[in-house]
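Subject: Structure handover

Hello,

Here is the structure we talked about. Please have a look, then read the notes below.

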Amino acid sequence: MILLKLYWEFFKTGLFAVGGGMATLPFLQAIGESTGWYTYSDLMNMLAVSESTPGPIGINMATYVGYRVANVPGAVIATLGEVTPSIIVILIVAAVLHSFRNNQYVDHAFYGLRPASTGLIGAACVAVILEVLTSVQLVAPEGGILKGVALGPGGLLNLPGLLLAGVLLVLTNWVKPVKGLHPIVFIGLSAVVGVLFGFANP
Amino acid sequence: MKEQNKFQALWVLFWTFAKMGVMTFGGGMAMLPILQREVVDSKGWATEEELTDYYAIGQCTPGIIAVNTATFIGQKYGGISGGIVATLGVVFPSLVIISILAGLISNFADLMWVKNAFAGIQVCVCVLIFNAVVKLLKKSVVDKRTAVIFVVVLAGGVFLKVSPVWFVIGAALTGIILKNLEAKRA
């Protein structure tokens with residue numbers, strides 16, 4: 001039963017996530033929120049591992065989440081669920097390739113879809129930043145859809161975390177010799193900083 | 001004999017895409033140069049122009065870009081079964097590697113230094129996602145209307161507990177309606 005649900009959730013993700021691996025993140029967050037299979041924090045660890053291992057990020061994340069929920073069968077089912085819509089859509093598109101490329105409705109839909117996809121990833125980014133760097137929590141009341149702001153335990157800001165984030169932001173965007181390096185370099189660096197400064201209990 | 005050839009061809013397809021799955025370190029975008037070398041130069045399964053087309057369509061159809069492109073090339077070479085086999089090939093290494101790693105990590109997850117390492121890594125993930133959003137913004141927000149769509153979906157995504165599916169459907173319809181109005185006015 002759980003495998004069936006897993007397949008369905010990832011089928012939806014594969015069908016509606018437009019724009020590659022990172023675009024699946026808001027969907028994975030929503031799945032975690034509605035099923036309780038994993039927390040934000042779990043999801044971020046999975047994302048970090050997915051970025052640091054070979055393979056497309058979106059597939060790595062689907063596999064990891066699936067494994068987390070139902071071990072190896074879960075990994076297989078989640079991944080198959082995520083690629084099924086791709087296979088169906090691409091086979092259809094391939095059959096009508098010419099008219100697809102020249103279809104103005106497709107073009108127009110994507111005019112709206114692209115910024116929306118960025119907006120969804122942006123919202124996932126806000127949630128993740130609040131989770132990691134502050135004790136602010138956004139929670140919806142039972143059965144409600146509007147989320148309110150609440151404060152979790154601990155200090156309002158995670159100062160060592162903010163400092164590291166600032167350094168990483170500069171390194172990845174403005175420091176010429178390092179900014180083009182693969183994310184795994186920065187992930188490794190952050191792991192070392194985390195261990196040296198005991199980031200788990202600030 | 002013909003059956004055997006078909007099987008052999010599918011096996012080559014699977015194996016080639018499995019290799020590309022391993023080499024795609026970091027996502028679909030990293031895949032293009034590898035695809036060019038393997039699919040165009042070495043195997044001759046598609047021309048340079050076809051590959052560019054497939055890749056462009058792979059980016060603007062739902063799902064993972066690497067998977068979409070694999071399905072496309074696979075179906076060109078081996079029909080429907082080719083499309084399926086190429087896709088299974090490209091995801092196969094992820095399944096193996098991640099399953100092994102996930103098992104290992106869960107065994108060590110309670111160690112203090114592992115917890116500390118992941119707490120540091122989480123900060124890095126925040127920055128990586130932020131950078132990804134900035135990069136996408138430049139490509140997707142091209143005028144005032146797309147800026148409004150971005151802000152509305154961003155706010156909705158942060159404050160509403162609603163499936164992202166609805167935002168996607170709404171945005172696609174909005175795009176079509178806006179462009180239609182524009183055409184009428186012109």
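Buried area is the accessible area (1.4 Å probe) that two parts lose on being put together, summed over both. This is a predicted model, where local features need pLDDT of at least 70, side-chain atom pairs count only at pLDDT 80 or more, and totals for chains, interfaces and linings use all residues. Residues are numbered from 1 along each chain as its sequence is written, chains are lettered from A and ligands numbered from 1 in the order in which they are written, and side-chain values use heavy atoms, with hydrogens and water left out.

Domains in chain A

Chain A splits into domain 1 (2-151) and domain 2 (159-196). The bounds come from an automatic or database domain assignment. The C-alpha centres of these two domains of chain A are 25 Å apart. Their contact (heavy atoms within 4.5 Å) draws on 4 residues of domain 1 of chain A and 7 residues of domain 2 of chain A.

About 430 Å² is buried between domain 1 and domain 2 of chain A. Carbon and sulfur atoms give 74% of that. On the domain 1 side, A:Glu51, A:Ser52 and A:Leu133 lose the most area to domain 2 of chain A. Together they make up 91% of what that side buries.

Helix H3 (residues 40-52) of chain A gives the most to this side of domain 1, with 3 residues. Helices here are DSSP runs (H or I, at least four residues), numbered from the N terminus.

A salt bridge is a side-chain nitrogen of Lys or Arg within 4 Å of a carboxyl oxygen of Asp or Glu.

Chain A against chain B

Here the contact takes 99 residues from chain A and 86 residues from chain B. The two chains bury about 8,200 Å² between them. Of this, 79% is on carbon and sulfur atoms.

The count of salt bridges between chain A and chain B is 0. Which elements of chain A give two or more residues to the side that touches chain B? They are helix H1 (2-16), helix H2 (25-35), H3, helix H4 (57-95), helix H5 (97-101), helix H6 (104-133), helix H7 (159-173) and helix H9 (183-196) of chain A. H6(A) brings the largest share, 22 residues.

Best wishes
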